[in-house]
Amino acid sequence: MRIVLILISTLLIFKTSEAEPKTHRVLAYYNLQFVPKHIKVKVGDTVEWLWISEGHPIKSGKDGKHDGVFATSSDRADFPAGTKFRVKFSKKMLRKHPKKRNRYHYYCLPHWHHGMVGSVKVKR
Ligand SMILES: [Cu+2]
């Protein structure tokens, strides 16, 4: 009986945690790269960028053109290592800023022309 109860509660915990929104980490790395460069998330998930090296103001958009969806608080490349920046890809956010195939591109303001770009694909 006790084992059955443990099994049931374990299953419930797994079921709940599966449905809960997740936080996905992207590193702003030394070699002018976002790691991972492209990620897939689900609606309601959060992406958290973590600065491993200093600098790297982030803006949403492509080819150095900001599209106004999200951006770090400053355009100055003075974010210290350890800085975190979070964006929640909620239903509301997606409705407000619809994108082709739900893919949100972003770039590092001073380094995008060196290839410091990435994207977040939001699965429904
Ligand atoms: Cu950068």
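Two strands pair if DSSP finds at least two bridges between them. Strands themselves are DSSP runs (E, at least two residues), numbered from the N terminus. The model looked at here is a predicted one, so to speak of local features takes a pLDDT of at least 70, side-chain atom pairs count only at pLDDT 80 or more, and totals for chains, interfaces and linings use all residues. Residues are numbered from 1 along each chain as its sequence is written.

Strand β5 has partners on record with two other strands. With strand β8 (residues 103-108), β5 pairs in the antiparallel sense over three bridges, and Tyr106 in β8 is the bridge partner of Ser60. With strand β6 (residues 65-71), the pairing of β5 is again antiparallel, over three bridges; here Lys62 sits opposite Lys65. β5 and β6 make a hairpin with two residues between them, and Asp63 in the turn shows a positive phi of about 55°.

Gly61 belongs to β5, which spans residues 58-62. Beyond its neighbours within four places in sequence, Gly61 is in contact with His66, Asp67, His105, Tyr106 and Tyr107, contact being C-beta atoms, placed from the backbone, within 7 Å.

Elsewhere, four strands make an open sheet in the order β2-β1-β4-β7, with mixed pairing. β2 (34-35) and β7 (84-88) each have a single partner strand, so one side of each is left without a neighbour in the sheet. β1 (residues 23-28) and β4 (residues 46-51) run parallel over six bridges, with Thr23 partnered by Thr46.

How values were computed
Contact = placed C-beta atoms within 7 Å.
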